[in-house]
Amino acid sequence: MAYEYPWTYNGVIFDSEDIGAYYGFIYRITNLTNGHDYVGRKYFKTIKKRPPLKGKKNKRLETIETDWKDYWGSSSRLVADILALGKEQFKREIIHLCTSRGETNYMEAHYQFMEVVLLREDNYNGIIQIKLGKGSVKDLKINKTNE
């Protein structure tokens, strides 16, 4: 079933079958009427805790897909504009795919700082919130072309 307002990656519709080993993504939602945008992150999967089976002690963990297909950002100003103007006036694009939780968190902050989202009037981001330790990004490699 085709989704009415899909996410795109490099101009191509991105769906559940494309997730593969990716953990999350960095996205941009753009208001097509005025060019304002929002940069954020979203995880593809989450862990749901289930009660233990009868006679067992350990809880069961199940990995399930998040609501990423229906997600429209956490900015109250952005959500208000989406409600006022309609979803058809916004473009949702994935700008970076990430293979770990640490990479997803790091790359969100990286893109937000790189695009100076807090200093731009044409941006919906109102806060950059990050708590990230060196252990979370130990597998990331420095890409000299992005500096």
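**Notes on the sheet and its neighbours**

1. Five strands make up an open sheet with mixed pairing, ordered β2-β1-β7-β3-β4. At the edges sit β2 (12–14) and β4 (37–43), each pairing on one side only. From one strand to the next the twist averages 40 degrees. Strands here are DSSP E runs of at least two residues and helices H or I runs of at least four, numbered from the N terminus; two strands pair if DSSP finds at least two bridges between them.

2. A quick word on the source: this is a predicted model, where local features need pLDDT of at least 70 and side-chain atom pairs count only at pLDDT 80 or more, while totals for chains, interfaces and linings use all residues. Residues are numbered from 1 along each chain as its sequence is written, and side-chain values use heavy atoms, leaving out hydrogens and water.

3. Look at β3 (residues 24–31) next. Seven bridges join β3 to β4, and eight join β3 to β7; both pairings are antiparallel. On the β4 side, Gly24 has Tyr43 as its bridge partner and Tyr27 faces Gly40. On the β7 side, Ile29 stands opposite Arg92. The hairpin of β3 and β4 has five residues between the strands, and Gly35 there takes a positive phi near 80 degrees.

4. How many residues of β3 are buried? Eight of the eight are, so β3 is largely enclosed by the rest of the structure. Buried means under 20% relative accessible area, exposed over 50%, and partly exposed in between (1.4 Å probe, protein chains only). In a regular strand, side chains alternate between the two faces of the sheet. In β3, Gly24, Ile26, Arg28 and Thr30 are buried on one side, and Phe25, Tyr27, Ile29 and Asn31 on the other.

5. α1 lies across β3, β4 and β7 (90–98), at about 140 degrees to β7. α2 packs on the sheet and touches β3, β4 and β7, its direction making about 175 degrees with that of β4. Axes are lines fitted to C-alpha atoms (for helices, over the stretch in contact), with angles from 0 to 180 degrees between N-to-C directions.

6. Within α2 (residues 101–114) is Met107, which is buried at 9% relative accessibility. Leaving aside residues up to four places away in sequence, Met107 touches Ile26, His96 and Cys98; contact means heavy atoms within 4.5 Å.

7. Ser75, in the loop between β6 (60–65) and α1 (76–85), is buried too, with a relative accessible area of 9%. With the sequence neighbours up to four places away set aside, Ser75 touches Tyr38 and Tyr124.
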